[in-house]
Amino acid sequence: GVLLYELLAYKRPFTGETPASLMNSICLKEPSPLHSVMSDCPEDLEMILSKVLRKSPAERCQSMEDLLIELEPVSKRLQAQSVAEMIAESHRLAELSEFADARELLRQALQMEAGNHQARALLEKVNAELKRILVRPKVQRLVDQGRVFLQAGNVQEAKQAAENALRLDSSFDPAQELNRVIRQELDRAQLIAEW
């Protein structure tokens, strides 16, 4: 109980200048309530801590296993709450196009709760956006090459460049537009050949 209090409050529950005054404090005084030193302390955690610091040994948890059984639901609830907050913050960061920070936060959330489907789905979207941002310059170069080929009358090379660009990023509008223009050019060439 003393160790748990120290871990949470960053101070000892009982103090004394001398060994005798420390013993007196342990036997007669109650420790400061945890919420007085830790404002966001959950009420159920404070109740568990007060139980393990009771003066009478019969009123305390009788084993570490008993303590862990009481702490587990609190731990799971706090963990789920932390993961939910991380996901919400990641979503906000993704909306601001801060994908690297969002990805890092989602990775932390998944370390805490590996099976969280919402975090996994958002991480996939964030990774896709990061990948798209990283390949966008290459896609733009392919589109530019395709336009040069098209202007030079090399429709097949232009078609290959447009297809390569769309393979890298199928949502890139200039690549879609180039592909549309190339198809029109190919259709026109086929009509001329048929005539």
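Which residue forms a salt bridge with Lys76? The partner is Glu72, and the closest N and O atoms are 3.2 Å apart. A salt bridge here is a side-chain nitrogen of Lys or Arg within 4 Å of a carboxyl oxygen of Asp or Glu. The model is predicted, so local features need pLDDT of at least 70 and side-chain atom pairs count only at pLDDT 80 or more, while totals for chains, interfaces and linings use all residues. Residues are numbered from 1 along each chain as its sequence is written, and side-chain values use heavy atoms, with hydrogens and water left out.

Lys76 and Glu72 both belong to helix α5 (residues 64-95), where they lie 4 residues apart, about one turn of the helix. Helices (H or I, at least four residues) are DSSP runs, numbered from the N terminus. Glu72 counts as partly exposed because its relative accessibility is 42%. In these terms, buried means under 20% relative accessible area, exposed over 50%, and partly exposed in between (1.4 Å probe, protein chains only).

The structure holds 11 salt bridges. Side chains of opposite charge can pair when their charged atoms come close. One of the bridges joins Arg12 to Glu6, with 3.9 Å between the closest N and O atoms. Arg12 is exposed, at 57% relative accessibility, whereas Glu6 is partly exposed, at 29%. Another links Glu177 and Arg180, at 2.3 Å from N to O. These two residues are 3 residues apart in helix α9, so about one helical turn separates them. Both ends are partly exposed: Glu177 has 36% relative accessibility and Arg180 has 38%.

Glu46, in helix α4 (residues 43-52), is buried yet has no salt bridge. The nearest side chain of opposite charge is that of Arg77, 11 Å away; Lys and Arg count as positive and Asp and Glu as negative, while His and the chain ends are not counted. Leaving aside residues up to four places away in sequence, Glu46 touches Pro33, Leu34, His35 and Cys41. Contact means heavy atoms within 4.5 Å.

Helix α9 (residues 173-194) also meets helix α7 (residues 117-151): their axes come within 10 Å and cross at roughly 25 degrees. α7 is therefore roughly parallel to α9, a term for angles under 35 degrees. Axes are lines fitted to C-alpha atoms, for helices over the stretch in contact, and angles run from 0 to 180 degrees between N-to-C directions. On the α7 side the contact is made by Val143, Gly146, Arg147 and Leu150, and on the α9 side by residues including Pro174, Leu178 and Glu185.

Conventions: Angles under 35 degrees count as roughly parallel, over 145 as roughly antiparallel, 65 to 115 as roughly perpendicular and the rest as oblique.
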